[in-house]
Amino acid sequence: MSGPVLRVAHLYPRLMNIYGDRGNIMCLRHRCEARGIGFELTELGLRDRLDPASCDLIFAGGAQDREQRVVVDDLLATKAAAVREAVEADVALLAVCGAYQLFGRYYREASGAELPGAGVFDLHTENPGEGARRCIGNIVAEWEAPGGGTSTIVGFENHGGRTRLGPGARPLARVRSGFGNNGEDGTEGAVYRNAIGTYIHGSLLPKNPALADHVIRLALRRRYGDVELAAIDDRAEQRAHAAALRLR
Amino acid sequence: MDPRTVAAVWAGKVAGVASRTLGRGGGTAIAGLAAERIEPAIVRHLVAQAGAGAIAITGTNGKTTTSLMLSRIASEAGLRPLHNRSGSNLMRGVAAMLVEEASLAGTIPEAARRLAILEVDEATLPEIVRSAAPRVIVFTNLFRDQLDRYGEVDTVAKAWERALAAAPAGTTLVLNADDPAVAHLGRAAPGRVVYYGVDDASAGGESEQHASDFRTCLDCGAELAYTVTYYGHLGHWRCTGCGSARPQPDIRITRVAAGDDATSITIAHAGGELTIALPLAGLYNAYNALAAAAGAIALGLPREAIVAALDGFSAAFGRQEHFAVEGRDVQVLLGKNPTGLNQVLRAVAARPGRKHMLFFLNDGIADGRDVSWIWDADYETVQPQTDWALAAGTRAEDLALRLKYAGFGDDVPVERDTAAALRRALAATPEGGTLHVVPTYTAMLEVRELLAKQGGARRFWESDR
């Protein structure tokens with residue numbers, strides 16, 4: 001009998017890749033293959049259609065404003081409905097930075113122009129204008145790890161927009177140091193069903209192995225139930241995580 | 001000379017001497033800041049004296065090497081360059097160089113045969129255009145670099161367009177036709193435009209490059225398509241939407257052949273052909289030589305000077321620079337962003353033999369605080385040839401994790417202290433062997449300082465006079 005296979009749909013790998021997002025895919029592949037779990041990657045670009053039943057995890061990364069504008073038209077025209085349908089059917093989703101903003105209800109640019117979002121998460125993002133500082137720097141956030149106990153997510157954030165969650169989304173983590181969603185309410189990221197959005201890159205997953213395994217478990221659960229993930233050599237990961245906790 | 005300029009020159013010189021006496025490095029920033037405090041227009045007053053005018057060189061990668069090449073070409077042509085060769089490329093660095101060159105009377109000696117060769121930080125270009133009014137501006141390329149400092153890559157492109165809008169009508173732009181973001185500046189040109197590019201498809205790399213920063217058209221937003229890709233987003237591009245495309249280059253490499261630590265290049269232009277044996281490896285250095293040649297041609301410098309300077313070229317500091325230390329050949333190759341680092345790693349991999357690699361990752365302001373870019377760089381390129389590797393720098397643990405993913409193993413050693421890292425790497429490299437050191441910017445400065453103390457090289461402000 002063949003073992004489980006994680007099927008990942010990577011949205012706009014060419015256009016949304018500004019902050020080392022490739023590292024997240026490399027990490028998911030490594031952590032699956034090290035445990036004998038198959039890994040299948042489908043890259044979807046402009047005009048490609050997403051089949052909501054064909055994937056276990058949807059991933060999308062960060063983009064510059066110009067690419068984000070190109071992507072948003074295509075996202076709404078060809079993929080947003082399928083992404084929403086997939087998430088309602090408990091497919092997992094991980095959206096980092098620019099994609100996190102695009103999957104909310106809307107993004108208001110510094111100019112005041114409003115880009116409609118894919119509406120996966122009950123949240124909206126507003127850029128307070130050219131005069132306001134971008135939220136840039138190392139970030140540490142506290143996260144209720146699914147195994148119990150408080151864990152940390154470490155990385156870097158760089159965003160002009162301030163994100164506020166509606167009642168339909170809960171925060172992924174609480175900011176210990178850094179800005180997070182808006183620099184004011186102490187929240188970072190969002191969770192809805194098996195979908196996770198976050199501003200943290202760095203890349204996000206390689207030095208947050210507990211979060212990476214959580215994403216893999218969420219993604220496999222729909223088709224395989226609770227999959228036991230064997231322990232793997234995480235010494236280099238833990239060293240990088242611990243070092244990031246000491247950064248200012 | 002107006003008294004404030006004289007006072008500014010004096011203040012800058014005193015600050016520079018004090019800084020050097022205290023052993024605080026080349027004093028490049030401090031001297032410039034001191035002079036600018038007294039006369040904010042010090043750069044304007046001193047550059048204006050240069051009889052041959054000014055040329056500015058900017059872009060993400062290659063500006064230090066291209067500027068040094070131009071400086072050597074100018075010297076061959078009988079000019080005396082005013083060149084911020086230390087790579088200190090903000091206004092204060094340019095000011096410091098000019099103050100050092102100026103006499104105590106506030107005048108530039110031998111002003112008639114002076115050409116100002118100004119390496120300029122991407123974000124500093126608008127100020128330089130206003131104050132130095134360069135005759136020629138050379139743009140190398142535009143890649144993602146230090147996004148935490150510059151903002152998005154597009155922010156830099158927009159700042160350049162604004163700078164050019166304010167440039168005098170006589171300014172000549174020398175643009176890389178193979179880089180869509182740089183070529184696009186031709187639209188904003190105040191005067192003449194000279195395009196340069198590579199027309200040798202055999203130098204092309206993989207068709208799709210993940211470390212590519214301009215994938216959509218700057219005019220219409222549609223995706224770009226390539227018939228040839230050299231590296232990053234450099235290549236023969238055209239827009240799939242509006243049909244805008246790579247301009248036909250006026251000055252072009254028609255043949256590039258890589259050798260061991262050298263590259264042979266043929267450059268064609270309206271005046272004929274130049275054949276150059278460049279003693280540097282890597283296609284990125286062929287681009288630097290092409291940009292320098294194009295700048296020199298735009299300035300009207302003689303072709304013999306171009307060939308002589310490039311044939312006899314030696315590396316700019318920390319860019320494929322060799323040091324003899326403890327019986328080992330230590331080569332320092334600056335790698336500060338994914339595209340630049342990928343080019344460096346390709347050049348290392350092209351050399352024969354097993355490799356000893358010392359990688360540094362610092363996250364200082366000048367390096368970029370965000371280290372996520374290492375996930376876009378291809379450390380995998382050199383892994384199969386590597387016998388020994390060390391991850392060093394202030395973010396050594398992040399680097400070790402990246403190297404683990406590149407196949408270097410679970411136990412890549414980590415060392416945060418620069419001197420200790422260098423000691424360990426020298427000990428691990430067999431006598432007579434080569435140690436490849438690949439640092440980010442601030443690590444490169446530290447490594448170079450340490451190697452200089454061990455007798456391997458002169459300090460940068462003492463070299464190349």
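**View 1. The buried residues of helix 4 of chain A.** In helix 4 of chain A, the buried residues are A:P209, A:L211, A:A212, A:D213, A:H214, A:V215, A:I216, A:L218, A:A219 and A:L220. Buried here means 20 or more other C-beta atoms within 10 Å of the residue's own, with C-beta atoms placed from the backbone. This is a predicted model, in which local features need pLDDT of at least 70, side-chain atom pairs count only at pLDDT 80 or more, and totals for chains, interfaces and linings use all residues. Residues are numbered from 1 along each chain as its sequence is written, while chains are lettered from A and ligands numbered from 1 in the order in which they are written. Helices are DSSP runs (H or I, at least four residues), numbered from the N terminus. Helix 4 of chain A covers residues 209–224, 16 residues that reach 21 Å from first C-alpha to last, close to the expected 22 Å; that expected span is 1.5 Å times one less than the number of residues. Just past this helix, A:G225 has a positive phi of about 70°.

**View 2. Helix 6 and helix 8 of chain B, side by side.** Helix 6 (residues 125–132) and helix 8 (residues 153–165) of chain B pack at about 10°, axes 8 Å apart. The axes are lines fitted to C-alpha atoms over the stretch in contact, with angles from 0 to 180 degrees between N-to-C directions. The two helices are therefore roughly parallel (an angle under 35 degrees). From helix 6 of chain B come B:L125, B:P126 and B:V129, and from helix 8 of chain B come B:A159, B:W160, B:R162 and B:A163; being in contact means C-beta atoms, placed from the backbone, within 7 Å. By class, that's six nonpolar, no polar and one charged residues (nonpolar: Ala, Val, Leu, Ile, Met, Phe, Trp, Tyr, Cys and Pro; charged: Asp, Glu, Lys and Arg; polar: the others, Gly among them).

**View 3. Helix 1 crossing helix 5 in chain B.** The axes of helix 1 (residues 3–21) and helix 5 (residues 91–101) of chain B come within 9 Å and cross at roughly 100°. So these two are roughly perpendicular (65 to 115 degrees). B:V9, B:G12, B:K13 and B:G16 of helix 1 meet B:A95, B:A96, B:V99 and B:E100 of helix 5. This set splits into four nonpolar, two polar and two charged.

**View 4. Where chain B touches chain A.** Chain B puts in 25 residues and chain A 32. On the chain B side, helix 13 (396–408) is one of the helices with at least two residues, and helix 13 gives the largest share, six residues.

Terms used: Angles under 35 degrees count as roughly parallel, over 145 as roughly antiparallel, 65 to 115 as roughly perpendicular and the rest as oblique. Two residues are in contact if their C-beta atoms, placed from the backbone, lie within 7 Å. A residue is buried if 20 or more other C-beta atoms lie within 10 Å of its own, exposed if 12 or fewer, and partly exposed in between; C-beta atoms are placed from the backbone.
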